[in-house]
Amino acid sequence: NYMLISMTGYGKAEILEKGSRYFVEVRSVNSRYSEISLKCPKYIYSREYEIREIVKQKISRGKINLLIMKDDSDNSNHEIALDPDALKKQISIIKDVRKKLGTKEKIKLEHVLGFSEHFLKDDEEAVDEEEFKLICSLISNALDEMIDMKKNEGAFLENDIIERVNAIDAETTMIFEMGKARIDEEKRLFNEKIDGFLNDRSIIDEKRLEFEIALLTEKMDITEECVRLKSHLDFFRASVNSPENVGRRLNFLLQEMNREINTIASKASDAVISQKVSLLKEELEKIREQIQNIE
């Protein structure tokens, strides 16, 4: 039993390992494409491609922010070393900036510390395999927690959307019946008018008259539009339960439905039908808003 998945979600995972605390947080919001932004300690960035692949395997669409943090405050063995050459370089850059800005402001400690990541270096230059495996499993756990939330959100969206689709379906049936009744009524009125003009129907070309009536009713007939609209609604309901990522397909179907509804509106110049068509458009707009958030 497949269901819609929302693009909005949040998940986290953490672990204390060998005196270091690792924390992973992942957030997702809606976006037309898949965008992944990663914030993590500098030494983990060398594995950025693999980290992105883990996310891509689980999430197909949305704007995803992934945060990886490592806290070594529990680890007394961890050393941070000063790189004096890099420090000199950073100070000369700050002096250059000051010169170019034409300011006499003194260089303070906080200005220099802003560049600390360039001259303070960890005793470990790259992430080792064991540590990376640990980070990957945390990312995976955080993603799974987020996917659960996305599914729950998706279930709410699905209920709301299906209710609205069913409402559109019921209204379309009523519009179709009203459209048929209206054509019968227009035929009757047309014949009445002709009778009013001429008492003797025999001098009128009956075939020509039937042709004119057929032309008139064809302009008013909304059968095809109603049938197509109902077919789109059926396909829409089926698509909601398909295993593929359906956000884009549902959007396309909405455009098709909108086209049929607009044609019905222009053909049926009847106040009650027009009112009902307005309701259909309102429901369609609400569905469109919901679909923007589906993966």
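**Salt bridges and burial**

Me: R228 is partly exposed, but what is its relative accessible area?
Reply: Buried means under 20% relative accessible area, exposed over 50%, and partly exposed in between (1.4 Å probe, protein chains only). R228 counts as partly exposed because its relative accessible area is 35%.

Me: Before we go on, what sort of model is this?
Reply: Residues are numbered from 1 along each chain as its sequence is written, and side-chain values use heavy atoms, leaving out hydrogens and water. Local features need pLDDT of at least 70, side-chain atom pairs count only at pLDDT 80 or more, totals for chains, interfaces and linings use all residues, and the model is predicted.

Me: Which residue forms a salt bridge with R228?
Reply: A salt bridge here is a side-chain nitrogen of Lys or Arg within 4 Å of a carboxyl oxygen of Asp or Glu. R228's closest N and O atoms to its partner are 2.8 Å apart. The pair links helix α7 to helix α8 (residues 247-267), 32 residues apart; helices (H or I, at least four residues) and strands (E, at least two) are DSSP runs numbered from the N terminus.

Me: How far apart are the closest N and O atoms of K230 and D169?
Reply: K230 sits in helix α7 (residues 223-240) and D169 in helix α5, 61 residues apart. D169 is buried because its relative accessibility is 13%, while K230 is partly exposed at 27%. The closest N and O atoms of this salt bridge are separated by 2.4 Å.

Me: Which residue pairs with K18 in a salt bridge?
Reply: K18 lies in the loop between β1 (9-17) and β2 (20-29), and its partner is in helix α5 (residues 129-197). Both are exposed. With the closest N and O atoms 3.1 Å apart, the partner is E130.
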